[in-house]
Amino acid sequence: MKITITGGFGFIGSHAAILLHKQGHEINIITKSSKVPSHLKSIEKKLNIIVGDYSSDEILKYALQTDIIIHTACTTVPENSTQNPIYDIETNVIPSIKLISEASKKNIKKIIFISSGGVVYGKNENEFISEKDSTNPISSYGITKLTIEKYLQLYKHINGLEFVSLRISNAYGPFQNYKNNQGVIMNWINRIANNNSIEIWGDGSVIRDYIYIDDICRAIELTISCEISGVYNIGSGNGISLKELANIINEISH
């Protein structure tokens, strides 16, 4: 099967490319960066790498010559999105709608969208959150992710475009970019590696669900191999507090 991954040099996109390539799929990667990540070097020549903006007319020609689109590209993180919501809309919402709209006119089997399990729900006091819970994002990042989901639902209604939106919890794993302040585990590991102490905001009682990158890629693979559609939360199902997490990282690093 031919699969196109937007943001294919990013954390989730690159790991998904490795797994799906191993399974025999033909992989197109669309990326704004021309620098190939080190963990993709071994299969670089076996990937069809397209450098450019996925929403440009020229790049879209490549993106839409495919069976599946995995849409991981995103220009913001929760921390900085609200500082400039117009930029968030211009670089994430509008290009995504263009991609979805054009895909709905083609023979695309499915779009898999990488959403966010934490931010689309906003503040929720429930121990477990289901896909049926209300969505009240409190950041531009969350609003953006939810908006793209709604447009996917719209184009499924209009043209029958199949989609799966994966609301990922807190992802972690090798080659995650700790410099963008996304991914507390990798940030803390980097601090320890540089002989700095772990910093915890608050009392450390906040409980979150952390999921390893291989499990995320497995979820992506299942959305391709199984006849499923709609919105799904993707997490480990086990919560851990920041204080507990810090203790575990300190213990295994000494």
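Start by selecting Lys 98 and Asp 57: their side chains meet in a salt bridge, N to O at 3.0 Å. Here a salt bridge is a side-chain nitrogen of Lys or Arg within 4 Å of a carboxyl oxygen of Asp or Glu. Lys 98 lies in helix H4 (residues 85-104) and Asp 57 in helix H2 (residues 57-63), so this pair ties together parts that are 41 residues apart in sequence. Helices (H or I, at least four residues) and strands (E, at least two) are DSSP runs, numbered from the N terminus.

Before you click on, some ground rules. This is a predicted model, where local features need pLDDT of at least 70 and side-chain atom pairs count only at pLDDT 80 or more, while totals for chains, interfaces and linings use all residues. Residues are numbered from 1 along each chain as its sequence is written, and side-chain values use heavy atoms, with hydrogens and water left out.

Now colour by accessibility: buried means under 20% relative accessible area, exposed over 50%, and partly exposed in between (1.4 Å probe, protein chains only). Asp 57 is exposed at 55%, and Lys 98 is partly exposed at 31%.

How many salt bridges does the structure hold? There are 6. Next, select Glu 149 and Arg 167, whose closest N and O atoms are 2.6 Å apart in a salt bridge. Glu 149 sits in helix H5 (residues 140-159) and Arg 167 in strand S6 (residues 163-168), so parts 18 residues apart in sequence are tied together. Are these two buried or exposed? Glu 149 is buried, with a relative accessible area of 0%, and Arg 167 is buried too, at 5%.

Then pick Lys 156 and Glu 162, another salt bridge, with the closest N and O atoms 2.9 Å apart. Lys 156 is partly exposed at 31%, and Glu 162 counts as partly exposed at 29%.

**Helix H1**

Select 11-22, which is helix H1. H1 has 12 residues and reaches 17 Å from its first C-alpha to its last, close to the 16 Å expected (1.5 Å times one less than the number of residues). Of those 12 residues, 10 are buried, so H1 is largely enclosed by the rest of the structure. The buried ones include Phe 11, His 15, Leu 20 and His 21. Show what they pack against: strand S1 (2-6), S2, strand S4 (68-71), strand S5 (110-116), strand S7 (170-172) and helix H7 (213-225).

Step off the end of H1 to Gly 24, which has a positive phi near 95°. His 25 is in the loop between H1 and strand S2 (26-31), and counts as buried at 18% relative accessibility. Leaving out residues up to four places away in sequence, His 25 touches Met 1, Ile 3 and Leu 20 (contact means heavy atoms within 4.5 Å).

**Second largest pocket**

For the last stop, select Tyr 172, Ile 185, Ile 189, Tyr 210, Ser 236, Asn 238, Ile 240, Leu 245, Ile 248, Ile 249 and Ile 252, which line the second largest pocket. Helix H6 (184-193) and helix H8 (242-252) are the elements that give two or more residues to this lining. The largest share, 4 residues, comes from H8.

Terms used: On a 1 Å grid over the protein atoms alone, a cavity is a set of points where a 1.4 Å probe fits but cannot get out, and a pocket is an open set with protein on both sides within 12 Å along at least five of seven lines; lining residues have an atom within 4 Å of a point.
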